Amino acid sequence: MLRDKDIREPLFDFLEETYGKARILEEKVMGKSRADLVMVLPEALYGIEIKSDADTYARLARQVRDYERYYDCNIVVVGTSHARHIHEHVPEHWGIITVESVGERIDFYFYRKPQRNPNMKWEKKLSVLWRSELAQLQEWNAMPKYKDKRKEFVIQKIVERIPEEILRKQVSELLFERDYNQAADLLTEYRKGEIQKKLEKETDVQKQMELMMEQAEKRNLFTHNRKKQAGHRRRKNL
């Protein structure tokens, strides 16, 4: 019986051999579900759900609804115990890959190739980007910065202003280049900026001191975490 942990690493190799330039990212939250894998291709994001022989269909209906909103194409990878009936549980445009153990080798076969997902929502797809990545899209396309606007507002403006064919390529480019070592840095800078905004508006001296102490603590925490995490970059974490 093949389990999830038996499938993942060989699956990465199969996908990269099949699709060429690709970046595989693991465990991405989407709505109320979590995508097992997200595959970044030059002009598309693929959501990939793994159903090993040890898994059931208990959560699949909800997962399918979430995958449908976030990704350009979707694929389900199934063990032999699910191969005969999985097509009954996913939309016709989903790809299906079957996996089986042959001796010491694990083989993958396309039972059905994925087609473009007609239900993807750009607002959901763009929500996987960091705020700094959205800012890069705005800069590339000569858009206003909307510094004081919420992320949802910025995403809506991007959807309205940037043609889809351009947006597909640029989103993939950003995810190909994403550096997870920068995540703590970006978070710290964001929090520091939020505190700075409060400082500029605050007139009470005591409260100003408290905000400055909070900002200093966040800097110290960031420095500690950077030293602790130095050298740890996983290509597959999202």
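I worked from a predicted model, in which local features need pLDDT of at least 70, side-chain atom pairs count only at pLDDT 80 or more, and totals for chains, interfaces and linings use all residues. Residues are numbered from 1 along each chain as its sequence is written, and side-chain values use heavy atoms, with hydrogens and water left out.

**Entry on the strands.** I took strands as DSSP runs of E with at least two residues, numbered from the N terminus. I counted two strands as paired if DSSP finds at least two bridges between them. S1 (residues 23-30) runs antiparallel to S2, and 7 bridges join them. Their hairpin has 2 residues between the strands, and glycine 31 in the turn has a positive phi of about 60°. I then followed S2 to S3 (residues 44-51): these strands are also antiparallel, with 5 bridges. A hairpin of 2 residues links S2 to S3, and leucine 41 stands opposite alanine 44 in S3.

**Entry on burial.** Why is S2 largely enclosed by the rest of the structure? I noted that 8 of the 9 residues of S2 (residues 33-41) are buried, so the strand is largely enclosed. Buried means under 20% relative accessible area, exposed over 50%, and partly exposed in between (1.4 Å probe, protein chains only).

**Entry on isoleucine 106.** I located isoleucine 106 in strand S6 (residues 105-112). Isoleucine 106 is partly exposed, at a relative accessible area of 23%. Leaving out residues up to four places away in sequence, I found that isoleucine 106 touches Leu2, Asp6, Pro10, Val99 and Glu100, where contact means heavy atoms within 4.5 Å. Isoleucine 106 and proline 10 lie 96 residues apart in sequence, yet 7.1 Å apart in space, C-alpha to C-alpha.

Definitions and conventions
Helices (H or I, at least four residues) and strands (E, at least two) are DSSP runs, numbered from the N terminus.
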